[in-house]
Amino acid sequence: MGIMMKWVFVGIFMAMGCAPQMDGTPTNAYDQYLVDFNQDLEALGYPRIDFSQTIIFQNDTLEVDGRCHSISVRKSGPAFISFGKRMKSYNEKQTMLMVFHELGHCFLGAQHTDTPRKIMNPTPIQPFTYAELNDESFR
């Protein structure tokens, strides 16, 4: 989706009161992780998610690694995801884990868990490998 179209969706979110912490700029830097997320969903037997209305911002004033804002949890439709400045220092694996964590919130309705080695554990960068991710990782 082009940057101009993303700004149209930002306007819709703002009109609905659903776009806090708008400091930052839209970015396509995380697009490959959206593709990877859908490939993993399909491999696990789940339907693909339509990310065409997903807006991802890099927000260097955000105090947490990432935050999902959506009107409601669903498999498609507008969603606003912002990533904080620490994301810039993460390696590719760490970035993928954080993006998947926020997508779990926005599109799968996943909540935080205290269970170690689960992607939805909010402790920064859990020590598990990509190969260990499965449908149970989001529960």
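I began with the contacts of Phe-51, where contact means heavy atoms within 4.5 Å. Leaving aside the neighbours within four places in sequence, I found Phe-51 in contact with Leu-34, Phe-37, Asn-38, Leu-103 and Phe-107. Phe-51 is found in the loop between α2 and β2, and I note that helices (H or I, at least four residues) and strands (E, at least two) are DSSP runs, numbered from the N terminus. Phe-51 counts as buried at 12% relative accessibility; buried means under 20% relative accessible area, exposed over 50%, and partly exposed in between, with a 1.4 Å probe and protein chains only. I also looked up Asp-31, which is 20 residues from Phe-51 in sequence and 9.3 Å from Phe-51 in space, C-alpha to C-alpha.

Before going further I wrote down the conventions: this is a predicted model, in which local features need pLDDT of at least 70 and side-chain atom pairs count only at pLDDT 80 or more, while totals for chains, interfaces and linings use all residues. Residues are numbered from 1 along each chain as its sequence is written, and side-chain values use heavy atoms, with hydrogens and water left out.

Next came the chain as a whole. I read 3 helices and 4 strands in the protein chain, and along the sequence they follow the pattern α-β-α-β-β-β-α. Of the 139 residues, 44% count as buried. Among contacts between residues at least 6 apart in sequence, 61% join residues at least 24 apart.

I then turned to helix α3, residues 92-108. The expected span of a helix is 1.5 Å times one less than its number of residues, so the 17 residues of α3 should span 24 Å, and the 22 Å between the end C-alpha atoms agrees with that. Helix α3 is mostly covered, with 13 of its 17 residues buried. At the N-terminal end, Asn-91 caps α3 through a side-chain oxygen that lies 3.0 Å from the backbone nitrogen of Lys-93. After α3 comes Gly-109, whose phi is positive, near 70°.

How do the axes of α2 and α3 cross? The axes of helix α2 (residues 31-43) and α3 come within 10 Å and cross at roughly 65°, which makes α2 roughly perpendicular to α3; here I count angles of 65 to 115 degrees as roughly perpendicular, under 35 as roughly parallel, over 145 as roughly antiparallel and the rest as oblique. The contact is made by residues including Tyr-33, Leu-34 and Phe-37 of α2 and Glu-92, Val-99 and Leu-103 of α3.

Glu-92 and Tyr-33 are 59 residues apart in sequence and 9.9 Å apart in space, C-alpha to C-alpha.

Asp-65 is placed in the loop between β2 (54-58) and β3 (66-70), and is buried, with a relative accessible area of 6%. The side chain of Asp-65 makes a polar contact with the side chain of Arg-86 at 2.6 Å. Thr-123 is found in the segment after α3 and counts as partly exposed at 45% relative accessibility.

Methods
Polar contact = N/O pair within 3.5 Å; in protein donor to acceptor, adjacent residues only side chain to side chain. Axes fitted to C-alpha atoms, helices over the stretch in contact; angles between N-to-C directions.
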